[in-house]
Amino acid sequence: MNKIITVVGLSFGLFIVATGCSQETTTKETHQDVKESGKDNSKVVKEEKGGQKKDDENVNSLRNKFLNQHQGYWKSEDGSTFIEVQNTSDKPLYIVHHLDGTKKEFSLQLDHSDELNNEFKGTITSMENQKNDITIKDSSNRLVVTTEKPVTFTKSNEEDYTKAVQQIKEENKKQALDKTLQLLNGTWKANDDSQILKISVDNEQTGTFQWEGQDPVDFVINDNTDGKVSIVYESVASPSHNMIEWRWTPADKELVWDNLLGDTRTYQRIER
């Protein structure tokens, strides 16, 4: 009985020893696996960060190239809106120029690129920190900008914008005048000698007229009744700088001039 117990004890002891060796080996292997796994995970994270950095650098490069190519003024196809793109080193700008001469500036952040369609997406942020999504796409040398709805722009410049603002001011000024003074505005050609006369009414009291090739002359409106406009201007041609009075009777296509001496002359409109 003792023998059997001893044998069994030995067997059990051997079993325990064997089992203990197996656990120690497994533990070491597990630690090694964790260590290797940690190295692998660290490597993956570094690779992912490196890949993300490379992607970011690629987007930045494409964005700067895109903005550099499209800097400057752009005009909507209907001429109602001008925008300007500025690619400054620290903060790209998207500027909306209104035809009344005012403007609104936005910081421009383009984050996502679509090289296939030559398109960028991002946000514009106003000085009041109001943000809007924006998409800018190059389409056959035109710029399609989408904030609320797509608007197509063609390349322009500051001079075009300045002319558009001036034109709107002139139109607004004319609309503020009565019908007769509105008709008086324009460029006229004399029937007898083809001399060109340009008349510009500033307001109900003053304006200028200009013979082709000569300096403009200021005039004062003395009277404006029954479709006839009486004006007075200073004659710099005469030594005494006499004040001369004329009268104009404008119509849609014709202008009749006369003076106090009874002289008359007829003009045809060639431009409003």
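These legends go with a few close-up views of a predicted model. Local features need pLDDT of at least 70 and side-chain atom pairs 80 or more, while totals for chains, interfaces and linings use all residues. Residues are numbered from 1 along each chain as its sequence is written, and side-chain values use heavy atoms, leaving out hydrogens and water.

**View 1. Phe209 meets Tyr233 edge-to-face.** Aromatic rings of Phe, Tyr and Trp (its six-membered ring) pair if their centres lie within 6.5 Å; planes under 30 degrees apart are stacked, over 60 edge-to-face, and the rest tilted. That rule gives 14 aromatic pairs. Here the centres sit 5.0 Å apart with the planes at 85°, so this pair is edge-to-face. Phe209 belongs to strand β11 and Tyr233 to strand β13, 24 residues apart; strands are DSSP runs of E, at least two residues, numbered from the N terminus.

**View 2. Both partners are tucked away: Phe209 and Tyr233 are buried.** Buried means under 20% relative accessible area, exposed over 50%, and partly exposed in between (1.4 Å probe, protein chains only). Phe209 comes in at 1%, and Tyr233 at 11%.

**View 3. Ring pairs build a cluster.** Phe209 and Tyr233 are joined in it by Trp211, Phe219, Trp246, Trp248 and Trp257.

**View 4. Lys155 lies over the face of Trp74.** The distance to the ring centre is 5.2 Å. To count, NZ of Lys or CZ of Arg must be within 6 Å of the ring centre and within 35 degrees of the ring normal.

Methods
Helix = DSSP H or I, 4+ residues; strand = E, 2+ residues; numbered from the N terminus.
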